[in-house]
Amino acid sequence: MRLLSNAHNAAHLPHRHGHDTGTAADSRRFFSSDTRWEAEHHSDFSWMRVLTSLVGAVMLVITSLVLGRVEALGGVAVLLLLVGVVWTGLSLRVTAIKLTTRKAPHSA
């Protein structure tokens with residue numbers, strides 16, 4: 001695994017010649033040690049976690065629609081619907097990103 005030792009290790013930049021690397025681009029200049037550690041050790045979300053989040057969001061939307069039929073719980077239902085729609089949107093975004101990106105093979 002390649003460490004996040006400078007700003008250019010985070011992305012594949014094929015046309016770089018090393019002229020703008022070194023201490024000026026060192027990640028220690030821009031990020032704290034905690035942030036660097038998190039970036040180096042962050043694992044990708046599993047499909048189970050992504051799909052569980054998506055199912056939970058959809059269930060919240062369905063629950064809010066069912067509760068909306070009860071007149072006394074109309075205000076709660078609107079709040080649940082709002083949270084459910086935002087959560088569903090974010091979950092769909094993560095799902096789309098996970099579907100369209102692939103992990104690059106590790107180069108040693």
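This note comments on the overall fold of a predicted model and then on its helix α3.

1. Overall composition. The chain contains four helices and zero strands, and its elements follow the order α-α-α-α from the N terminus. Of its 108 residues, 18% count as buried.

2. Surface and contacts. The accessible surface of the chain amounts to about 8800 Å², and carbon and sulfur atoms contribute 65% of that area. Among contacts with a separation of 6 or more, 51% join residues 24 or more positions apart.

3. Geometry of α3. Helix α3 covers residues 47-67, 21 residues in total. The distance from its first C-alpha to its last is 30 Å, close to the 30 Å expected at 1.5 Å a residue.

4. Buried face of α3. The buried residues of this helix are V50, L54, A57, L60, V61 and S64. Viewed down the axis of α3, they fall within an arc of 115°, and therefore line one face of the helix. An α-helix has 3.6 residues a turn, so residues three or four places apart point the same way. The packing partner of the buried residues of α3 is α4 (74-100).

5. Opposite face of α3. The exposed residues M48, V55 and V66 lie on the face turned away from the buried side of α3.

6. Nonpolar patch. V55, V58, M59, I62 and V66 form a nonpolar surface patch of about 430 Å². One of these residues, V58, belongs to helix α3. V58 is classed as partly exposed because its relative accessibility is 37%, a value to be read against the limits of under 20% for buried and over 50% for exposed.

How values were computed:
Residues are numbered from 1 along each chain as its sequence is written. This is a predicted model: local features need pLDDT of at least 70, side-chain atom pairs count only at pLDDT 80 or more; totals for chains, interfaces and linings use all residues. Side-chain values use heavy atoms; hydrogens and water are left out. Helices (H or I, at least four residues) and strands (E, at least two) are DSSP runs, numbered from the N terminus. The expected span of a helix is 1.5 Å times one less than its number of residues. Buried means under 20% relative accessible area, exposed over 50%, partly exposed in between (1.4 Å probe, protein chains only). The arc is that of the directions from the helix axis to the C-beta atoms. Contact means heavy atoms within 4.5 Å. Patches are made of residues with over 30% relative accessible area and no salt bridge: like charges are joined within 9 Å, nonpolar side chains (Val, Leu, Ile, Met, Phe, Trp, Tyr) within 5 Å. Accessible areas come from the Shrake-Rupley method with a 1.4 Å probe; for residues, only the protein chains shown count as cover. A salt bridge is a side-chain nitrogen of Lys or Arg within 4 Å of a carboxyl oxygen of Asp or Glu.
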